Amino acid sequence: MQINEYGKPDSPLVLIQPVDDHDLAWIEIEAGWIKEYAGMDFGLLTVKTDDWFSDLTPWRATAVFGGMEFGDGAEKTLEEILKLTGEAGKRYILGGYSLAGLFALWAGSRTDAFAGVAAASPSVWYPDFAEYMNGHDFKARHVYLSLGDREEKTRNPVMATVGNRIREIYASLEAKGIDCCLEWNEGNHFRDPDLRTAGAFAWVMKNI
């Protein structure tokens, strides 16, 4: 996995974001929006996945679009990301967009290494994921969730469950005493991913 660094490397606040090539095309713009929204310095580490549909998903699932099967590589990815954490005096926030947001939520249930999770338009339609979240403790203490207001209006029957699933997860996190926000954005899943991700990180930064 390729690691790139943005922002201020010596900052005590470190953001970690799994990305693919598409994300990297606008990551510097995103970093600028994070700085504007949060009003504070940070370091940003991007972790480029080798296989977006396997590295970020915790268990195997059949394809729901485009014929792409999902793998079970999340555990290995988390092991690699945890090597980037643990420096004394630093706090870490894990976040991302789409499947990276799903991964961040899953990781937040697995380790207390992250002060918060920033999940922008996370793919919580993923089979059995809401049930997993409802049935497990959550270790990160601050969580931002967002969704586009048209994302649940897709014709894909699996992905159309995303609205109800994110509402369930939000309610479950609140019931567990997690400081949690659910924000609805205008548009479908593909609208303004840089702004949505920046807003997700900024909220957590200001609330941890």
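Predicted model: local features only at pLDDT ≥ 70, side-chain atom pairs only at ≥ 80, totals over all residues.
Me: What makes Lys83 and Glu80 a salt bridge?
Reply: Their closest N and O atoms are 3.1 Å apart. The cut-off is within 4 Å, for a side-chain nitrogen of Lys or Arg and a carboxyl oxygen of Asp or Glu. The pair therefore counts as a salt bridge.

Me: Is Lys83 called buried or exposed, and why?
Reply: Lys83 has 61% relative accessibility. Exposed means over 50%, so Lys83 is exposed.

Me: Why is Glu80 put in another class?
Reply: Glu80 stands at 33% relative accessibility. Buried is under 20% and exposed is over 50%. Glu80 falls in between, so the term is partly exposed.

Me: How do you know that Arg167 and Glu152 form a salt bridge?
Reply: The closest N and O atoms are 3.0 Å apart. That is within 4 Å, so the pair qualifies.

Me: What makes this pair a tie between parts of the chain?
Reply: Arg167 sits in helix H7, residues 162-175. Glu152 sits in the loop between strand E6 (142-148) and H7. The two parts are 15 residues apart in sequence, so the pair ties them together.

Me: Why are Arg167 and Glu152 called partly exposed?
Reply: Arg167 has a relative accessible area of 36%. For Glu152 the value is 24%. The class runs between the 20% and 50% limits, so Arg167 and Glu152 belong to it.

Me: What makes Arg165 and Glu168 a salt bridge, and where do they lie?
Reply: N to O is 3.0 Å. The limit is 4 Å, so the pair counts. Both residues lie in helix H7, three residues apart, about one turn of the helix. Arg165 is partly exposed at 23%, and Glu168 is partly exposed at 32%.

Me: How many salt bridges does a search of the whole structure find, and which residues are linked in a network?
Reply: The search finds 12. Lys8, Lys35 and Asp41 are linked in a network.

Me: Why is the ring pair of Phe103 and Trp106 called tilted?
Reply: The structure holds 11 aromatic pairs. In this one the ring centres are 5.9 Å apart, and the planes stand at 40 degrees. Centres within 6.5 Å make a pair. Stacked needs under 30 degrees and edge-to-face over 60, so 40 degrees is tilted.

Me: How do you know that Phe103 and Trp106 are buried?
Reply: Phe103 has a relative accessible area of 0%. Trp106 is at 4%.

Me: What makes Trp125 and Tyr126 a tilted pair?
Reply: Their ring centres are 6.2 Å apart, within the 6.5 Å limit. The planes stand at 45 degrees, between 30 and 60, so the pair is tilted. Trp125 is buried at 7%, and Tyr126 is buried at 2%.

Me: What volume does the largest pocket have, and which lining residues are closest to its centre?
Reply: The volume is about 550 Å³. Of 22 lining residues, the closest to the centre are Tyr97, Ser98, Met159, His189 and Phe190. Helix H1 (21-24) and helix H3 (52-55) each supply at least two lining residues.

Me: What classes make up that lining?
Reply: It has 11 nonpolar, six polar and five charged residues.

Terms used. Residues numbered from 1 in each chain as written. Heavy atoms only, no water. Buried < 20%, exposed > 50% of the residue type's maximum accessible area, 1.4 Å probe, protein only. Helix = DSSP H or I, 4+ residues; strand = E, 2+ residues; numbered from the N terminus. 1 Å grid on protein atoms, 1.4 Å probe; cavity = no way out; pocket = protein on both sides within 12 Å on 5 of 7 lines; lining within 4 Å. Points joined across faces, edges and corners; volume = space filled by probe spheres on them. Nonpolar A, V, L, I, M, F, W, Y, C, P; charged D, E, K, R; others polar. Phe/Tyr/Trp six-rings, centres within 6.5 Å; stacked < 30°, edge-to-face > 60°.
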